[in-house]
Amino acid sequence: MPSVLKATAATVGLTALAGAAGVGYAAGYEVRAFALRHAVVPVLPVGSAPLRVLHLSDLHLVPRQHRKRAWVAALADLEPDLVVTTGDNLAAQDAVPAVLETYAGLLRRPGVFVLGSNDYWAPKPRNWSKYLRGPSQVKAGDKALPLPTADLVRGFTDAGWVDLDNVRTRLRVGGLDLELVGVDDPHLRYDRYDDVAGPAAPDADLTVGVTHAPYRRTLDAMTADGAGLVLAGHTHGGQLCVPGYGALVTNCDLPRSQASGLSTWSAAGHEAWLHVSAGLGTSPYAPLRFACRPEATLLELVPRR
């Protein structure tokens with residue numbers, strides 16, 4: 001019996017040690033191991049020149065995060081044709097100046113944006129195990145602190161970026177005529193797609209849908225209307241993933257297999273390319289990632305095959 005107890009104690013000790021090492025890796029290294037992804041999307045008319053789109057999401061910035069700020073600022077050297085940010089830029093009341101400074105070089109490029117829940121409401125401590133049981137919710141009576149959303153929007157729009165929250169518009173980029181349709185955050189049910197719904201413009205080279213949270217209702221509506229490409233964030237790619245298995249959750253009703261990266265989405269006889277960014281940050285109350293590095297993606301849009 002003593003030998004059994006010793007073996008059991010050793011197993012428990014090794015398990016605890018492995019768990020501590022995993023948390024140390026996730027919180028000490030991977031959460032700062034920023035990666036630039038590349039993806040080729042065959043979505044333009046035949047004969048078009050390629051278009052380079054930088055997709056950013058879920059910065060969740062706290063001003064003291066100097067390594068993240070420097071890495072994102074350096075992305076301006078890529079000189080993308082278009083920058084798209086799909087929300088959740090803020091993680092603190094005083095973060096707007098830091099966000100605008102971080103994006104300063106990118107704000108000189110053509111850009112569009114939508115907002116996420118963390119551009120409206122400050123994060124607060126939560127029981128993060130609840131994510132395993134379903135999407136998080138902001139409920140009536142929650143004492144969430146409002147963030148300076150208007151200052152963020154003003155900073156972006158004053159620099160020339162287009163606010164796509166429940167907006168449909170046209171933009172000439174890289175010699176191409178783009179139709180862009182976006183919604184405010186579906187996670188908070190701020191989306192009003194009915195206000196901007198309609199068939200993709202037949203004279204546009206490409207219709208692009210932009211949303212923070214990739215809920216099925218939003219993806220279905222944009223795809224059914226003929227969007228050729230839909231961009232989203234919110235999922236953090238699962239944030240804590242299992243190697244060889246992938247994301248455990250998406251924090252919405254998107255299938256786990258599409259928690260990040262490039263895939264396709266079908267609705268009403270139409271098919272769109274879908275890119276979900278795993279994002280660049282986390283809540284300051286859960287600052288760790290595992291098997292899911294923080295990322296930005298340079299999408300190279302090329303002619304359809």
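**Exercise 1. Find what share of the contacts with a separation of 6 or more comes from residues 24 or more positions apart in the protein chain.**

Start with the criterion: a contact has heavy atoms within 4.5 Å. Next, keep the contacts with a separation of 6 or more; residues 24 or more positions apart account for 74% of them.

Before going on, a word on the model: it is predicted, local features need pLDDT of at least 70, side-chain atom pairs count only at pLDDT 80 or more, and totals for chains, interfaces and linings use all residues. Residues are numbered from 1 along each chain as its sequence is written, and side-chain values use heavy atoms, with hydrogens and water left out.

**Exercise 2. Work out how many disulfides the structure holds, then look at cysteine 241.**

Apply the cut-off first: a disulfide needs a pair of cysteine sulfur atoms within 2.5 Å. The count for this structure is zero. For cysteine 241, the nearest cysteine sulfur belongs to cysteine 292 and is 4.2 Å away. Now check burial (buried is under 20% relative accessible area, exposed over 50%, partly exposed in between, with a 1.4 Å probe and protein chains only). Cysteine 241 has a relative accessible area of 10%, so it is buried.

**Exercise 3. Describe the surroundings of threonine 102.**

Then take its accessibility, which is 4%, so threonine 102 counts as buried. Next, a polar atom of its side chain lies 2.7 Å from the backbone oxygen of alanine 98. Finally, leaving aside neighbours within four places in sequence, threonine 102 contacts Leu61, Arg69, Val72 and Ala73.

Notes:
Polar contact = N/O pair within 3.5 Å; in protein donor to acceptor, adjacent residues only side chain to side chain.
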